[in-house]
Amino acid sequence: MIFLDIQMEGMGGIEAAKTIRQSNADRVIIFITGIKEHVFEAFDVSASHYLLKPIAEQKFMEVLDRAIEEAGKRKGQKERQIFIRTKNQGYTLKRNSILYIENRGKKVEIHTTDMEDIVETYAGMEELVIWGQWTLRSRAECSSCQ
């Protein structure tokens with residue numbers, strides 16, 4: 001979460017927000033300023049809010065609470081996922097929901113916290129490691145599923 005003013009020494013707030021967006025599109029940006037003329041420019045850089053000074057404490061706390069919630073949602077959307085195709089259907093699994101993976105000959109069994117059933121697919125452990133970007137201690141076990 002980043003708080004910016006419109007008038008800052010060196011680089012203006014809108015320019016700073018544009019620079020931030022180039023490297024980190026997910027960051028929650030809130031402008032706090034005494035200048036109301038730049039409100040539409042702030043939304044062009046996807047600012048979450050534009051507060052005019054002086055700010056009532058209650059209003060600031062409301063905006064802060066919403067920003068914290070939004071930052072949490074954005075972080076949640078970035079959770080790493082892996083897509084597994086089985087014989088009958090495909091599954092999108094959150095990497096952090098995988099408890100363990102068993103190698104069973106030509107197929108693997110994926111045990112998760114989200115599903116009662118075990119996901120079985122015809123793939124080698126090496127393929128799952130590549131798909132999920134995990135590290136492998138041996139051919140039969142996954143050392144880091146998160």
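Author: The account below begins with the core and then turns to the strands, the surface and the loops.

The model is predicted, so local features need pLDDT of at least 70 and side-chain atom pairs count only at pLDDT 80 or more, whereas totals for chains, interfaces and linings use all residues. Residues are numbered from 1 along each chain as its sequence is written, and side-chain values use heavy atoms, with hydrogens and water left out.

A nonpolar core is here a set of buried Ala, Val, Leu, Ile, Met, Phe, Trp, Tyr and Cys residues joined through side-chain atoms within 4.5 Å; buried means under 20% relative accessible area, exposed over 50%, and partly exposed in between, with a 1.4 Å probe and protein chains only. The largest such core has 13 residues, and those with the most contacts inside it are Leu 4, Ile 6, Ala 17, Ile 29, Phe 31 and Ala 42. Helix H1 (13-23) and strand S2 (29-33) each supply at least two of its residues, and H1 gives the most, with 4 residues. Helices (H or I, at least four residues) and strands (E, at least two) are DSSP runs numbered from the N terminus.

Leaving aside neighbours within four places in sequence, Ile 6 is in contact (heavy atoms within 4.5 Å) with Gly 12, Gly 13, Ile 14, Phe 31, Thr 33, Ile 35, His 38 and Tyr 50. A second, separate core of 8 residues includes Ile 82, Ile 98, Val 108 and Val 119. In soluble globular proteins, nonpolar side chains tend to be buried together.

Val 108, a member of the second core, is also the bridge partner in S7 of Asn 103. Strands S6 (residues 98-104) and S7 (residues 107-112) pair in the antiparallel sense over 6 bridges, pairing being assigned if DSSP finds at least two bridges between two strands. The two strands form a hairpin with 2 residues between them, and Gly 105 in the turn has a positive phi of about 70°.
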